[in-house]
Amino acid sequence: MSKTKQTREEALTFHMKPRPGKFDVTPSVPMSTQRDLSLAYSPGVAVPCEAIAQLPETAYDYTNKGNLVAVISNGTAVLGLGNLGALASKPVMEGKAVLFKRFADVNSIDIELDTEDPEEIIRAVRLMGPTFGGINLEDIKAPECFIIEQKLKEEMDIPVFHDDQHGTAVICAAGLINALHISGKKIEDCKIVLNGAGAAGIACLELVKAMGARHDNCIMCDTKGVIYQGRTEGMNQWKSAHAAVTDARTLAEAMEGADVFLGVSAKGAVTQDMVKSMAPNAVIFAMANPDPEITPEDAHAVRDDVIVATGRSDYPNQVNNVLGFPYLFRGALDIHARAINDEMKIACAEALAALAREDVPDEVALAYGQKLSFGRDYIIPTPFDPRLIYTIPPAVAQAGMDTGVARRPIIDMEGYAQDLQARMDPTAHLLQRLYARARQEQATMIFAEGDDPRVLRAAVAYHRGGFGRALVVGRTDEVSRKLQEEGLGEAISEIEIINAANTSHLQDYKDFLYKRLQRRGFDQKDIHRLAARDRHAFSALMLAHGHADGLVTGATRKSAHVLDRINSVFDATAKDGAVGVTALLHKGRIIFIADTLVHEWPVEEDLADIAMAAARVARSMGIEPRVAFASFSTFGYPVSERSHKMHVASEVLDARGADFEYDGEMTVDVALNPEAMAAYPFCRLSGPANILVVPARHSASISVKLMQEMAGATVIGPILTGVDKPIQICSTVSTVNDILNMAVLAACKVGQTK
């Protein structure tokens, strides 16, 4: 009881604070000056009004119509709660609007209509048509939902989509594609039984038939039993369309020999005896909410060979509508579609199914606290898979273009996918350029920590991404076992495993290391231990001898320890010119902070070196540097011994004739805010700084971690520069994608002088 009360209180507080509701409307244009107001409203707004009056299609260019969806309900079928009315449905519709924005960057407004008359709803929605690029109907009971959707589709020239029907159907279809793939069956040969003849059930059956299921092989059931030809009780035109020629009259009879069960009905509708009667390798989608028709535990207790999906997040294979509707609308909006048709839904389902068969990113495993790989317990992607945004909409858009519902076709589909990735991830454009360069370089990359699953998956991704050869340092048996555990057993043939004990170069490595370290207190035994047993040193020796082009390490040990081992082979200290530069990406901006790895307490000359190294990194990533020497004072005030070196660092660069913009010392707000910088007209920066050189490593670390934790900034690095060979040191909290990104940076020789 206390847990229920706490959950209720938390839910109410969540919706009430910091302000009531779940979203705000914020302007996308400046509204600070009189000029802004005159352009946004009168008189400037008259110009686009006239343009739209002359060419109505330009509304997509001059307004937010092309990225605005209405979420509309009358509250007659709210979740599993029944007819709560329009007002009580508002929290759900607000939530739907938030999901649109969170997962696909689609703006959305919830509209609750206080009527149960289908004609009133049809008229209201049709009259609002000019405002929106699409209509998402939600929580409207059957059969009214069928009437409303069909009529609106006929009368409106924008997509109209009842998610309770088609959203469930699309995700169900995606899961079914993969379930049949695993069970080795073809949809046209399967006997399919569906229980629940409401909006979602009918839509599911219609879509699987559109995908190839034969009408004669499909049986639909409702609370009164099988819907068969000749039945009159409880029938309507939508049920009649799926009436089957069959002697079965109950769900239990229909389930005998069935290959697939699709349930959108009620808790406990399926018994263990029914499961026993199904065909071998049967598929059970028990999607009733909040409790399934049969739990996975009960189904697996009597059959080991069944594949089970539910609508719940606490079971594997969740049929979750959020995998579909945001991306369907994203693709439809981006081609200015007139409708969302069956071909677009099938394209969405097929793209989702294909995505589930790929290796799962580390971010997904972190979000769900478990390892995921394609198989009986993972046939549908999870909602937090970052690849959904740039995988599903292009498939939907292409299908819309192929079927003639696109007003504005997309010419460059690859560029469109890249734009989608950048829309949700500010690192995407930057990384896209680096990824292209890395594919051209075809660098052989050493992944030093072959005992870590993240590193192994990054190595596999490096090879499969077409970047070059992946060399993994480790023992073959251990690497093979861990790949098997990660569901990547077949990848053992795609990477090259290097074991110090088996390499023919070990004596050369030891001779090199002894010559280098013999006057630093290392004897022959020390050298052997270092070269043969320390993977960081061994990997660095491989790189030093030209047996690879780059090195990625550090995912399992503190950066100071790793850097010490690297220094046994390379000159990577502060006095040697090594510098660590970290890139922060936040709200579409990129800021480099240095030094975040090597210099503990740099003096004026060091700060100038750091600035030049950071500028080199920025340029190697395609960004023209603007350096600010950051401090708590600005251009000499207040006076402080600690800020004085930041002031002098600019003078050092003057003497060196540095060929990039720089100035300082200055506070961070002056460096990054154009209005604050305007108070110093003599400042030599032409715009906000993109490189902050900070007074010491501790201030760099504090700055990076504060931005990461408080502002949610994306962090790349620290990027090690100033070393003879491309070496990148990851952090111990790196994800697979982080490690892969560092490998790409090494492949591109980011920050290298040679």
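Reader: What makes Arg684 and Asp654 a salt bridge?

Author: Happy to start there, and please keep in mind that this is a predicted model. The closest N and O atoms of Arg684 and Asp654 are 3.1 Å apart. A salt bridge needs a Lys or Arg side-chain nitrogen within 4 Å of a carboxyl oxygen of Asp or Glu, so Arg684 and Asp654 form one. The pair links distant parts of the chain, 30 residues apart: Arg684 sits in the loop between helix H29 and strand S19, and Asp654 in helix H27.

Reader: Why is Arg684 called partly exposed?

Author: Its relative accessibility is 40%. Buried means under 20% and exposed means over 50%, so Arg684 falls in between and counts as partly exposed. Asp654, with 39%, is partly exposed as well.

Reader: How do you know that Glu94 is buried?

Author: The relative accessible area of Glu94 is 12%. The limit for buried is under 20%, so Glu94 is buried. The closest N and O atoms of Glu94 and Lys90 are 3.7 Å apart. Both residues lie in helix H5, 4 residues apart, which means about one helical turn separates them. Lys90 and Glu94 also belong to a network of salt bridges with Asp110 and Glu112.

Reader: What does the salt bridge between Glu441 and Lys749 tie together?

Author: The closest N and O atoms of Glu441 and Lys749 are 3.5 Å apart. Glu441 lies in helix H19 and Lys749 in the segment after helix H31, so the pair ties together parts that are 308 residues apart in sequence.

Reader: Why is the aromatic pair of Phe146 and Trp238 called stacked?

Author: Let us begin with the general idea. A pair of aromatic rings is described by the distance of the centres and the angle of the planes. For Phe146 and Trp238 the values are 5.0 Å centre to centre and 25° between the planes. Phe146 is in helix H7 and Trp238 in helix H10, 92 residues apart.

Reader: What makes the pair of Tyr509 and Phe538 edge-to-face?

Author: Here the ring centres are 5.7 Å apart and the planes of Tyr509 and Phe538 stand at 65°. An angle over 60 degrees counts as edge-to-face, so that is the name for Tyr509 and Phe538. Tyr509 lies in helix H22 and Phe538 in helix H24, so the pair ties together parts that are 29 residues apart in sequence. Tyr509 is buried, with a relative accessible area of 1%, and Phe538 is buried with 1% too.

Reader: How do you know that strands S11 and S12 pair?

Author: There are 3 bridges joining S11 to S12, and the strands run parallel. Pairing asks for at least two bridges, so S11 and S12 pass. Within this pairing, Met445 stands opposite Ala470 in S12. S12 also pairs with S13 in the parallel sense, again over 3 bridges. In S13, Ile498 is the bridge partner of Val473.

Reader: Which residues cover both faces of S12?

Author: On one side are Ala470 and Val472, on the other Leu471 and Val473, and all of them are buried.

Terms used. Residues numbered from 1 in each chain as written. Predicted model: local features only at pLDDT ≥ 70, side-chain atom pairs only at ≥ 80, totals over all residues. Heavy atoms only, no water. Buried < 20%, exposed > 50% of the residue type's maximum accessible area, 1.4 Å probe, protein only. Helix = DSSP H or I, 4+ residues; strand = E, 2+ residues; numbered from the N terminus. Phe/Tyr/Trp six-rings, centres within 6.5 Å; stacked < 30°, edge-to-face > 60°.
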